[in-house]
Amino acid sequence: MKTVISIPELRAARAELPGPVGIVPTMGYLHEGHLSLARRAREECASVVTTIFVNPTQFAPEEDLDAYPRDLERDLGLLDEVGVDLVWMPTPEVIYPENFQTWVVVEDLTQVLEGASRPTHFRGVTTVVAKLFNVVQPQKAYFGQKDAQQAVVIQRMVKDLNFPVEIVVCSIVREPDGLAMSSRNAYLDPAQRQAATVLSRSLNAAKDAFQAGERGADQLRAIVMDIVNAEPLVALEYISCAHPETLLELDGSIERALLSMAVRVGKTRLIDNLVVGG
Ligand code: AMP
């Protein structure tokens with residue numbers, strides 16, 4: 001496994017890789033969720049490139065950029081075990097040279113859900129992913145359903161800007177008690193970690209209700225809300241029952257929906273989601 005930092009080094013190493021090339025963009029501090037993406041890429045592509053970059057432009061000034069957990073040595077060991085060919089670990093200066101002023105913005109899809117809570121987040125995500133695609137020139141790119149809106153936004157960007165990249169969205173990997181794996185779970189103390197199971201518990205309760213015949217969007221949102229509100233260590237930021245592709249909130253009776261939520265557990269912000277109706 002080769003590791004590179006600069007763009008000339010990356011381009012030289014990329015030129016040696018047989019195609020199809022799969023890219024797995026990450027912010028590091030890897031867990032089984034990230035590794036499931038890398039393994040899928042390994043199965044489907046002749047070459048696998050993973051990027052590790054804590055992208056400053058997707059964090060707002062008050063967010064956790066400086067505190068974001070990092071363990072490069074461990075990450076490289078894990079990626080080596082999966083059989084990744086090339087790891088690109090650019091510095092912020094490599095990605096954002098002085099006087100950088102060009103942004104990629106997906107408009108309507110980023111106004112809702114995570115974008116409503118984090119207004120500058122997706123501009124940072126789409127800009128960095130567009131740059132990764134331009135430099136690495138992958139045929140396939142692997143993203144997690146954990147960040148459901150991100151996957152929808154990237155798919156829109158790829159269509160709108162004609163990137164010749166197939167986006168593969170991989171299922172959420174969870175801890176045995178249901179908590180979706182996240183690098184940010186490392187922030188939780190034991191009581192918060194226990195309380196954080198309320199995300200998957202409440203979403204599953206709504207899914208059970210759907211399977212038992214409940215179709216009301218308001219009712220499904222209320223099921224999640226009531227369970228979260230009963231957990232004193234957790235504050236609900238939003239619960240959404242939206243169309244899985246347009247991300248617009250649904251009313252009345254639904255056939256298929258993305259149930260997604262964000263909460264705060266102390267200072268830690270956690271998200272989770274599931275799709276009901278196929
Ligand atoms: P991050 O390092 O948080 O930017 O995540 C990098 C990629 O891993 C994104 O496409 C995430 O959606 C994906 N990912 C993160 N956590 C999980 C998880 N628990 N299951 C599946 N994919 C995940």
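Modeller: L113 counts as buried because its relative accessibility is 10%; buried means under 20% relative accessible area, exposed over 50% and partly exposed in between, with a 1.4 Å probe and protein chains only. This is a predicted model, in which local features need pLDDT of at least 70 and side-chain atom pairs count only at pLDDT 80 or more, while totals for chains, interfaces and linings use all residues. Residues are numbered from 1 along each chain as its sequence is written, and side-chain values use heavy atoms, with hydrogens and water left out.

L113 sits in the loop between helix 4 (92-95) and helix 5 (114-117). Helices (H or I, at least four residues) and strands (E, at least two) are DSSP runs, numbered from the N terminus. The phi of L113 is near 50°, a positive value in a residue other than glycine. Q137, in the loop between helix 6 and strand 5, also has a positive phi, near 50°.

Three strands form an open sheet in the order 7-8-9, with antiparallel pairing; two strands pair if DSSP finds at least two bridges between them. Strand 7 and strand 9 are the edge strands, each pairing on one side only. Neighbouring strands are turned by 15° against each other on average, direction ignored. Axes here are lines fitted to C-alpha atoms, for helices over the stretch in contact, and angles run from 0 to 180 degrees between N-to-C directions.

Strand 8 pairs with strand 7 over eight bridges, and C241 stands opposite L259 in strand 8. Strand 8 is largely enclosed by the rest of the structure, because eight of its nine residues are buried. In a regular strand the side chains alternate between the two faces of the sheet.

Helix 10 (217-229) lies across strand 7 and strand 8, at about 165° to strand 7. Helix 9 lies across strand 7, strand 8 and strand 9, at about 20° to strand 9. Helix 9 covers residues 198-211, and its 14 residues should span 20 Å at 1.5 Å a residue, which agrees with the 20 Å between its end C-alpha atoms; the expected span is 1.5 Å times one less than the number of residues.

The buried residues of helix 9 are V198, L199, S200, S202, L203, A206, A209 and F210. Their cover includes helix 8 (190-195), helix 10, strand 7, strand 8 and strand 9, where contact means heavy atoms within 4.5 Å. Just after helix 9, G213 takes a positive phi of about 115°.

As for the cores, the largest nonpolar core has 41 residues; such a core is a set of buried Ala, Val, Leu, Ile, Met, Phe, Trp, Tyr and Cys residues joined through side-chain atoms within 4.5 Å. Helix 6 supplies the largest share of this core, nine residues. A second, separate core of 27 residues includes V198, A209, V224 and L274.
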